[in-house]
Amino acid sequence: MRFHAKYRPLLFISTMSITLTFIMSGIMTYVLEGGFIPHFMSSWMKDWGIAFVIAFGLNFFLPVRVRRFADRFKKGQSVVYVFTISFIMTLILSCVLTAVAMGGFVPGFAGYWMGAWRVAFTIVFVLNFFLPQWVGRIVGTWIMKPANPSVIKGVSV
């Protein structure tokens, strides 16, 4: 199935959110539940659903603002961007997933949250260096090609 090019940003945000939250929620579930327990898959899928909804919403407005912030730096813009986006996304997602796993903000919450966040941030920071390019290539294969390649924006060449 091919999609019109105008849907490329939505496809990219959706695919990126699905992929990243799938990996991150799996890691968070493993860390918070203490390994592969009998109900690991059901906990992971529940966490993934929650994480996806939050990440999908954040991915609509956060990358533009973080890119604007990272552009202020002369050198290392990509590292600043990846660090900042990873920091904010994992901080929010790990907080919510830890609260869900622990049944709210109970005593000891901060310790579990910071432990889980540290692991999630490390993984997501590394993934954010190559995952967006990979997702961009995948999404590019889903976009329709114009019927006549010489027609660009409705103008014949």
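Author: A polar contact is a pair of N or O atoms within 3.5 Å, where within protein one must be able to donate a hydrogen and the other to accept it, and where residues adjacent in sequence count only if both atoms are side-chain atoms. This is a predicted model, in which local features need pLDDT of at least 70 and side-chain atom pairs count only at pLDDT 80 or more, while totals for chains, interfaces and linings use all residues. Residues are numbered from 1 along each chain as its sequence is written, and side-chain values use heavy atoms, with hydrogens and water left out.

Reader: What makes the pair T29 and D47 a polar contact?

Author: The side chains of T29 and D47 are joined at 2.8 Å, and the limit is 3.5 Å, so the pair is called a polar contact.

Reader: Why is T29 called buried?

Author: Buried means under 20% relative accessible area, exposed over 50%, and partly exposed in between (1.4 Å probe, protein chains only). T29 has 1% relative accessibility and therefore counts as buried. Leaving aside residues up to four places away in sequence, T29 touches G34, F40, S43, W44 and D47, where contact means heavy atoms within 4.5 Å.

Reader: Why is R137 called exposed, and what makes Y7 partly exposed?

Author: R137 has a relative accessible area of 57%, so it is exposed. The value for Y7 is 40%, and Y7 is therefore called partly exposed.

Reader: How far apart are the C-alpha atoms of R137 and T15?

Author: The C-alpha atoms of R137 and T15 are separated by 11 Å, although these residues are 122 residues apart along the chain.
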